[in-house]
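Hi everyone, thanks for coming.

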Amino acid sequence: MANYNFDTTLNTLSFEIYIDSIAKYGYFEHKDLGDDCGGGLWFDDDFKLKDYDGVGVLPKQVKEILIKLGHINAQDADNF
């Protein structure tokens with residue numbers, strides 16, 4: 001199992017997002033539902049989101065903060 005050093009923590013009203021910038025991996029969890037509404041985040045070399053798991057559609061609050069920080073291009077947001 002990989003060891004991660006989550007060096008970035010993002011908070012929205014309902015979600016917490018943790019990112020390891022070296023591993024280009026992160027995860028998100030709902031503040032009340034935990035990992036029942038959470039999943040993993042994988043980033044490419046340009047630190048753009050390339051994949052996620054755990055939910056069928058990336059939650060709106062997670063998507064919005066990743067767009068705001070440049071991890072998702074706004075024009076590609078419907079793909080997530």
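Let's start with the sheet. Five strands make up an open sheet, in the order β1-β2-β3-β4-β5, and they pair in the antiparallel sense. Which strands stand at the edges? They are β1 and β5: each has a single partner strand, so one side of each is left without a neighbour in the sheet. From one strand to the next, the twist averages 20°. Please keep in mind as we go that this is a predicted model.

Now zoom in on one pairing. β2 and β3, which covers residues 25–30, pair in the antiparallel sense over six bridges. Within β3, Tyr27 is the bridge partner of Tyr18. We'll meet those two tyrosines again in a moment.

Next, the helix. α1 packs on the sheet and touches β1, β2, β3, β4 and β5. Its direction makes about 45° with that of β2. Which residues of α1 are buried? They are Val62, Lys63, Ile65 and Leu66, and these buried residues pack against β1, β2, β3, β4 and β5. A helix has 3.6 residues a turn, so residues three or four places apart point the same way. Just after α1 comes Gly70, with a positive phi of about 85°.

Stepping back to the whole chain, we have one helix and five strands, and from the N terminus on they run β-β-β-β-β-α. The radius of gyration is 12 Å, close to the 12 Å that the globule rule gives for 80 residues, so the chain is as compact as a globular protein of that length. The C-alpha trace spans about 30 × 25 × 20 Å along its principal axes. Buried residues make up 40% of the 80 residues.

So what sits inside? The largest nonpolar core has 18 residues, and the ones touching the most other members are Ile17, Leu41, Leu49, Leu58 and Leu66. Two or more residues of this core come from each of β2, β4, β5 and α1. Take Leu49 as an example: leaving aside residues up to four places away in sequence, Leu49 touches Leu41, Trp42, Phe43, Leu58, Leu66, His71, Ile72 and Phe80.

Here's a residue in a loop, too. Ser14 lies between β1 and β2. Is Ser14 buried or exposed? Ser14 has a relative accessible area of 19%, and because the cut-off for buried is under 20%, Ser14 counts as buried. Again setting aside residues up to four places away in sequence, Ser14 touches Glu29, His30, Lys31 and Gln61.

Last stop, the aromatic rings. The structure holds 10 aromatic pairs. One of them joins Tyr4 and Phe6, and that pair is tilted, at 5.6 Å centre to centre with 35° between the planes. Tyr4 is partly exposed, at 36% relative accessible area, and Phe6 is also partly exposed, at 29%. Now back to our bridge partners: the rings of Tyr18 and Tyr27 have their centres 5.0 Å apart and their planes at 25°, so that pair is stacked. Tyr27 is partly exposed, with a relative accessible area of 25%. Ring pairs link Tyr4, Phe6, Tyr18, Tyr25, Tyr27 and Trp42 into a cluster.

Terms used. Residues numbered from 1 in each chain as written. Predicted model: local features only at pLDDT ≥ 70, side-chain atom pairs only at ≥ 80, totals over all residues. Heavy atoms only, no water. Core = buried A, V, L, I, M, F, W, Y, C linked by side-chain atoms within 4.5 Å. Buried < 20%, exposed > 50% of the residue type's maximum accessible area, 1.4 Å probe, protein only. Helix = DSSP H or I, 4+ residues; strand = E, 2+ residues; numbered from the N terminus. Contact = heavy atoms within 4.5 Å. Pairing = 2+ DSSP bridges. Axes fitted to C-alpha atoms, helices over the stretch in contact; angles between N-to-C directions. Phe/Tyr/Trp six-rings, centres within 6.5 Å; stacked < 30°, edge-to-face > 60°. Rg over C-alpha atoms; globule rule 2.2 N^0.38 Å.
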